[in-house]
Structure formats: structure tokens, C-alpha cells
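The entries follow in the order in which I looked.

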Amino acid sequence: MKIKKQGVKRILEEKKPEKAKCWEVFKCKEKACPAYKSKDLKCWLFSETHCRNEIQGKFLEKIEMCLGCNIFKMNTDVTSMKPTLKVVDKQFKEYNKIIRERDRELERMSMELALSLSEVFEALKKISSGDPTVRIDQKSDIELIEKLKCIVNATAREINEIVDQSHEFAIVLAEHFNVLHRVSFGDLRARVSGKSRVELLESLKKVTNKMIQSISKEITKREKAEAALRKAHDKLEHRVEERTAELRVINEKLRREIEERRRVEEDLREAELRYRTVADFTHDWEYWETPDAKLRYVSPSCERITGFKPEQFIHNPDLIYEITVPEDKDNWDQHRHDALSMKSAQAIVFRIRRQDGKIRWMEHVCQPITDTQGTFLGVRASNRDITIRKQAEEKLRNTLSLLSATLESTADGILVVDKAGKISSFNQKFVRMWNIPEHIIASRNDEKALTFVVDQLKDSESFLTKVRELYKQPDVESYDILTFKDGRIFERYSQPHKIGNSIIGRVWSFRDVTERKRAEDALRESEQLLLQAHKMEAIGRLAAGVAHEINNPLAIINEKAGLIKDFLELSVDLEQNKERFLGLLNGIFENVDRCRTITHRLLGFSRRTDVSHAVINLNNAIREVIGFLEKEILYRNIHLEINLKEDLPEVVSDKGQLEQVLLNIINNAIDVVQKEGIIEVITDIKDENTVQISVRDTGPGIPNNILKHIFEPFFTTKDKGKGTGLGLSISYGIMQKLGGTILVRSEVNKGTTFTVEIPRKTGTISGE
Amino acid sequence: MSQAKVLLVDDEVEFGSALAERLRLRDYDARAVSQAEDALTIIRSDPPDVVLLDYRMPGMDGIEVLKVIKQINPSIEVIMLTGHGDTNNVEETMKSGAFEYIMKPIDIGSLIEKINAAKKIRNSIK
């Protein structure tokens, strides 16, 4: 056993035997308990121990624990276990009974627990949804439930209390707010009333009320002081008011005085302004000279007129005299003397030299001025710049003198008669031309003058009629030629004399054209002669050719007639030689015809003088002209090419003149073309209204500087005595007269082509 | 002295032939040509004593022919036949060697005299 004991001990010692002590496990506090007292290692199960009793209720549990304990396991004393086993058995049975009861009890309790928990849950739900007044029955068999219910009820109560308090807080705070609001609006009697269960609120109420009370007290004090002050102030104010009233009376008086003075000043200023406005803006240069020869006022316009500023005149009253031109200074002095001594209005015109050196004309007017009492205040003067007027006058004077000089220097006699028939103007030329006596012209009576002059005219009646007619029609212009008994010829022009659009009379102008008319006649005559001379030149030129042409048939006639004579002198048998004689005689007649053709052609050509229009076949006309010239062309060994257009339209023109032109052009060509040269004559249609004849030669051509002169009269390149220089000039004139033209194209060393354009009907080109 | 041998040069054939016949009627050995070239041929082949030469001719004119004749044979005398208005040119023909000139229409008597005078000169030179 001992060994065992020792072994357990050892084991216990090894396994912390103190903690393994049963009583320690069961926390036995009973010091009388064997387990506690002995501190023996006996298992309580084996002996009567307090612990055993103590754990009666929890026996089975302990048993279970003990059965696992090493002490129990090491206990070999089984007999000592019998009471314990009995107890355990009894205990077991008891426990089973208890367990059964407990099970029943547990069932009932769990039922109650479920109900109670549901009740608690419901209560908590109500509380959480805001109803803290809920209470549940606290009684329960189950302690825990009772406790829980109690807690729930307490919680609900607490919550209820808190809710109530917060309500109170809100109400009390609202009252505070209300009271303070009232105080702030001056209701010092307002107090927070009512009692509160909440201490905090109660103390707040006290503080608030105390504060209101102290404010109220303070205010009352201040109000009192203010009242005293107000009283003093009122007294003072009363005195001030009294003084103020006095002052107001004085002020009012003073104000009225000031007002009056201001009004007077205003009137004065306005009057001054009015006066200045008028004076300053006068176009003229105005000034006021005081009796002590000072300038009181000078209008600003002086600067525009003189270039000097008003201040300059005021500063130097002599400036007016200084700028007066030297020639006018004496007049100016005299005028000033007069103005001051006579004390009456005076006027003078004088010139000044402006600051920029320009001369201006001044029209000066001045007038003495006096005040209401008649005191002399000086002279008021006005200087007007009349330069433009003076210039215009000058210009007018010049124009008039120019007109008058022109009137007198003109070659025409001029007479101007007004609407009333009075001579308003005339020139000496007019008087001389008509030999009008002084007394008639001096009377200025147009009718008298007319009566005097009319007798000098060849056809006085028609002149008078015309004149009277013109006087009835003032706006008519007229022209006439007057022939005098003494042979003079006047041109008469007459036209209305107007100013703007209104007629104020009539101007007659007479021009002695006697000399001109004579010269014109002479010129016309000499032109005629010249034309004729040219023609004669052309004819003379022809005559040389013609002489040869006639000479040849004459020579033939001469020989044939000579032969007949020879035969007759030789007494040849006439009968036998009859055929021979007839042949010779026919030859004679043929050649006589030849001569006749030539002479007729020449005569026909030279006879034509006046323009006579006829239908002409130009091709035939050309052949005729060439007829005069072909022998000459032949003898000069010139090749003549004639290209005449078939069906060339006929023209209506002057045949003789056209032939003269062509003759002239072809003659010129013959003159310039060398041997073996070519002259080509071409006719063609230029357009539907015009036909053209071109004469082309292969002569030396005409240089440009000469070409431009070839149609000028008396221009010639031929040797003296060989040409008049009129041929092309006359040809040109003729073609113009016939409504056609001559064109020339030339190239040096190549030749020249003259083209004559002829209207199919005279006048279609120049215009019908 | 036999009658002169005469050559007539004129473009007018009728004139030439009529005048030649009249000269032949007067026993002159006369013939007429109308072209200068023909005349020159004859002058070369069968030289006449006297040439009657028309001053105005187409182609070669009288003066040119005259000059050629005188070149070919200076002893042949040439009498120029001229028309009126050609007198200006007479001087030139005379300078060029013409023996004489006579104006158309011709007076046959004067022509005979001039031909004879020319023949005489020619004979004297011969």
C-alpha cells in the first residue's frame, strides 16, 4: 500500500498534487469537513465529507468528474466504496425522479418562456415604435423571465420618463424664448413662470429671471437719467428757438436785400450780354471811342477784317490811323476832326493795310453818342469791309470800258434799241456807215434814224417791212443782205438783247461786205478761169496727140489725092483705071472719117462745161478717154492693159467731168511711166452703191512726203511750164461734187494706183 | 544721073505705099516698109541713097532708127518725116545726122527737091 501511496504521491507530486485535492476542486469551505481538515488524499466518494453533502444536487456531475480522477482510480479500497455506491444508486434513482420532474418542469417552463418572450418582444416592439407607456405583467415562474420582464418594464419606464422630460425641456425652452423675446421688445415685467421637475430647467429659469430683473433695473435707472437730461435739453431748446426766431427775421430781411441786389446785377449782366452779343457778332468792325480818345469797345470782327485783335486796338488807339494807307491818312484825319467837332454822323471810305499786308477797302460810318443827360460819351463807329464791292465795281468798270472799247473797235456798225424804240447804245462805226447826222443820233429816236437811212437802200420797202416785222417779234434772230444805191453791200444781223431770259431790246449789227463780196466774185471768176485754164491745158495736151493723129490720115489723104492728081496729069485712061481711082478715093474718105471722129471727140470733150447728169456706161466712157490717148501711149511704147468689168452697173453722173478726171489721171500716168511700162485701167463694183475705176501705173511711185500734198492746188512736181498743179486738185473737187472720191496708193519704185469711186446715183454717198 | 534709090519707112502702110507709087511715077526707085526692122535689113542688104523716115513710130522711134542707119552706113542720107508739133525734136534729129526734115502732109515738089539734094550730096561723097 505504502508503495502505492508513495507511487500516487509521487504521481501527484509529479502532477501538481495540490490541485488535485478534491476539496479544492469542490471549494470546500467547511473547515470541519474531513476532506478539508485532513488534507488527505482520499476521494470524497469514499467518505463522508462535507463536500459530498454540499454537492448533493450536483452529484452526478461530480461523480462523472470523480470517476475520471486519478485519485479515484488509484483507490483500491473497494469496500469503502459501498456506501458511496449505495448513495450513488439511491442518488441515481432520486436523480432519475428529479430528472423526470425536471423534464416536466422544463417543458412547462419552456412554454412559459416562449409566451413571456413573445410578450417581451411585443412590449419592446411597442417601445421602439414610440409607446413607452407599455407595461407587462412581471410575474413569472421563471426567474430569468421575471428579470427580463422587469428590465423591459424598467426600460419602458425610463424611456417614458426621458420622453416626458424632453417635452418639458421643449415647453420650458419655448417659454424662455417667449419671455426673452418680450423683454427684447421692452416688456420688462415678463418672467419665466411654472415649476419644472427638471433641475437644470429650474436653474435656467432662475438665471433667466434674474437676468431680466437686472436688465429691467438698469433700464429703469437709465430712463430716469434720460428724463432728467431731456428736461434740461428742453429748456435749452426753448431758448435756442427764441433766438432762432429772432435770427430768422433778420435773415429774411438780409435775404430779400441780397435777392434784390442779385436781380439788379442779373439784369445788368443780361443787358451787357445782349449788347455784347449784338456788338460781338456784327459783321462789321464796330468800336466805341471815348472822349479821351481811348477805345472802350472793339468788336471781334476787327480781326477778320484787319488781322489785328480787339485788344491790340484797345491797347493802341492809334492803330487805326497806323494801318490806314498813306494816301488816305489825310482824309482820315480830316474826318476825325469833323466827327469830333461837329458831333454829327459822318461817313468816309478809306483803305487799310491788313496785318498780312493786303489792302482792304473800309466804309466807315460814325456817330457821336450821349447819355440821357446829354453828356458826350464819345463816338461809335462802324467799319464795313467793302473790298469785294470795290473790286466788283472795278471789274464792272473794266468790263464796261472793255465793252465800250470793243464796241468802238469792232469793224461792224452796232445799234442797240430798247423795247420802247429808243436807241440805247451805238458805235461810231454805225454812224459813219449810215452817214447819220449828229442831231438824229442825238435824239436817240430809232424811228427817225430808220427814216433817214432807209432811202440809201436799193430796196428800201422790203428793208422797212423786215425791220417792222422784227420789232413785232422781239425774240427772233435774223440775217439779211442790204444792197445800197451806191453799190455798197451790208450784212445785217439782228438778235434780241437779253438779260437772263427777259428780252429788253434788240441789237442790230451791220457789216460792210462790199469789198468781200467783190473779192468773192473775183475769186469765183478766177477760179472759173483757172478751171478753164486747166481744161485748156488738158486739151492742149490732147491737141498735140490729136494733131499727130489727124496728121497721119491727112498725110494719107494728101498722098492718095496726089496720086490721083499724078494719074490725071499723066493722062492715064480713066475708064481703065476706074477701080484704082475708086480705091484711092475710098481711102481718102476713110481717112477723112478718121479725122472727123478725132475732131468730134475733141470738140465734144472741150464743149462740156456745166454739170449735167446722165446715165453713163463707165466702160464706154473709159474707152472714149483712152481713144484720145492710145496713140500717145503707143508712141511712148507703154503697154496699156484694159480690164473692164462686164455688166458694170451704169451710173448717173456727169460724163464730161468724169472724163476730165480720168483723162487727168491717165495723162499723169503716161507722164511718169517709162518705156515698156504698164498702165492698167480697171473697172469694178465696190459695193452695191459704188463702182470704181482704178488706174495703175508702174511709174516711180510717189514718196509719202509728196503723197500728202498731191491734191493741193498748184502743187506740182513737173517742170515749170509743164503742169499747172491743178489737175488732181480739180479732179478731187469734181469727185466731191459728184459724191465720189479719189483715193491714191503708191509705193516708191513700184508704181501708183489712183482709184476713183463713183456713186451709182450722184449724192448717195454725200447723202441725199 | 540716074534717079535716086529711096526707102520709105512709115508705120502707116497706106501712106507709105501711096507716096512710094508717086515717087516711082517720077522715076525714083522707091519702096516702102512699115517696120523699122525691115528697113534696117534692106539698108544692110540693098542700101538706098535716101531714106524717108517717119519720126513717130511704135517700137523703135525715128531717132533711134536714124542713129542705127548712120551707124550702118553714114553715107545714106536720111530725110525725117515729122508731124506738126514735133518741131522741137527737129534739132535733135539734125544733130543725129539727118539730112533734112519735111512736115506731113508732104508737098511732093519740096520732097523731090530734098531727095535730089540728098542724092547730090551722096553722089559728091561717093
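**Entry 1, a helix pair.** I began with helix 8 and helix 9 of chain A, which are roughly parallel to each other; the model I am reading is a predicted one. Helix 8 (residues 143–184) and helix 9 (residues 199–280) of chain A pack at an angle of about 5°, with their axes 11 Å apart, and since angles under 35 degrees count as roughly parallel, I kept that description. On the side of helix 8 of chain A I noted E168(A), F169(A), V172(A), H176(A), V179(A) and V183(A), and on the side of helix 9 of chain A L201(A), L204(A), K205(A), T208(A), I212(A) and I215(A). Sorted by class, this contact has eight nonpolar, two polar and two charged residues.

**Entry 2, the sheet.** I then traced an open sheet of five strands in chain A, whose order is 12-14-15-17-16 with mixed pairing. Strand 12 (639–643) and strand 16 (741–747) of chain A stand at the edges with a single partner strand each, so one side of each is left without a neighbour in the sheet. From one strand to the next, the twist averages 15°. Strand 14 (residues 678–687) and strand 15 (residues 690–697) of chain A pair in the antiparallel sense over eight bridges, and I found V691(A) in strand 15 of chain A as the bridge partner of I685(A).

Which way do helix 21 and helix 22 of chain A run relative to each other? They pack at an angle of about 30°, with their axes 9 Å apart, and are therefore roughly parallel to each other. Helix 21 of chain A passes helix 22 of chain A in a right-handed crossing. Among the contact residues I noted F628(A) and L629(A) of helix 21 of chain A, and L662(A) and I666(A) of helix 22 of chain A. The residues of this contact divide into 11 nonpolar, no polar and four charged.

Last, I looked at the contact between chain A and chain B, which takes 19 residues from chain A and 17 residues from chain B. Helix 19 (514–569) and helix 21 (618–635) of chain A are the elements that give two or more residues to the chain A side, and helix 19 of chain A gives the most, with 14 residues. I count the residues of that side as nine nonpolar, seven polar and three charged.

Note on methods
Residues numbered from 1 in each chain as written. Chains lettered and ligands numbered in written order. Predicted model: local features only at pLDDT ≥ 70, side-chain atom pairs only at ≥ 80, totals over all residues. Contact = placed C-beta atoms within 7 Å. Helix = DSSP H or I, 4+ residues; strand = E, 2+ residues; numbered from the N terminus. Nonpolar A, V, L, I, M, F, W, Y, C, P; charged D, E, K, R; others polar. Axes fitted to C-alpha atoms, helices over the stretch in contact; angles between N-to-C directions. Parallel < 35°, antiparallel > 145°, perpendicular 65-115°, else oblique. Left-handed = near helix turned anticlockwise from the far one by under 90°. Pairing = 2+ DSSP bridges.
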